[in-house]
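Dear colleague,

Please find below the structure that I am handing over to you. My notes on what was found in it follow directly after.

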Amino acid sequence: GDMDTVESIFNLLLASNPKHRKPSMDTWASEVRLMRVSDGHSHSEILDLFKFANSDSFWRSNILSPKKLREKWDVLTIKKGDTNQQHDDIWI
């Protein structure tokens, strides 16, 4: 559910920064719900994109909450697509 997704996001942040301040999980869950209901993203898509942002050297320090993820969704999706392209080229 929304709360599981939020827990996963927080755990990923803790992996990068063990001292990361614990957010209001309810506020985060509301953002995740908005992404699901208003934007039509599934829990797995939300986590997937967050994992991508979290593994990118630039975005890792910029995307520290579901709210930021939602704001930057389109930019991140395009960037993620670009990296996928590059990986494809390597194997050709």
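In these notes, two residues are in contact when heavy atoms of theirs lie within 4.5 Å. Please bear in mind that this is a predicted model.

Overall architecture

The chain holds five helices and zero strands, so that its pattern along the sequence reads α-α-α-α-α. The C-alpha trace spans about 45 × 30 × 20 Å along its principal axes. For 92 residues, a compact globule would have a radius of gyration near 12 Å, and the 14 Å of the chain agrees with this. Of the contacts with a separation of 6 or more, 57% are made by residues 24 or more positions apart.

Surface and charge

Of the 92 residues, 33% count as buried. There are 13 positive and 14 negative side chains, and the centres of these two sets are 8 Å apart.

In soluble globular proteins, nonpolar side chains tend to be buried together. The largest nonpolar core here consists of 20 residues, and those with the most contacts inside it are Ile-9, Ile-46, Ile-63, Leu-69 and Leu-76. Two or more residues of this core come from each of H1, helix H2 (25–37), helix H3 (43–55) and helix H5 (73–91). H3 provides the largest share, with six residues. As for Leu-76, its contacts beyond four places in sequence are Leu-49, Phe-52, Ala-53, Trp-59, Ile-63 and Leu-69.

Thr-5 lies in helix H1, which covers residues 2–16. Its relative accessibility is 3%, and Thr-5 therefore counts as buried, the limit for that class being under 20%. Apart from neighbours within four places in sequence, Thr-5 is in contact with Val-32, His-43, Ile-46 and Leu-47.

Ser-16 is likewise found in helix H1. With a relative accessibility of 41%, Ser-16 counts as partly exposed, because this value falls between the limits of 20% and 50%. Residues up to four places away in sequence being left out, Ser-16 touches Asn-54 and Arg-60. Ser-16 and Leu-34 are 18 residues apart along the chain, and their C-alpha atoms are separated by 26 Å.

With kind regards

Key:
Residues are numbered from 1 along each chain as its sequence is written. This is a predicted model: local features need pLDDT of at least 70, side-chain atom pairs count only at pLDDT 80 or more; totals for chains, interfaces and linings use all residues. Side-chain values use heavy atoms; hydrogens and water are left out. Helices (H or I, at least four residues) and strands (E, at least two) are DSSP runs, numbered from the N terminus. Buried means under 20% relative accessible area, exposed over 50%, partly exposed in between (1.4 Å probe, protein chains only). The radius of gyration is taken over C-alpha atoms; the globule rule is 2.2 Å times the number of residues to the power 0.38. Lys and Arg count as positive and Asp and Glu as negative; His and the chain ends are not counted. The place of a charge is taken as NZ of Lys, CZ of Arg, CG of Asp or CD of Glu. A nonpolar core is a set of buried Ala, Val, Leu, Ile, Met, Phe, Trp, Tyr and Cys residues joined through side-chain atoms within 4.5 Å.
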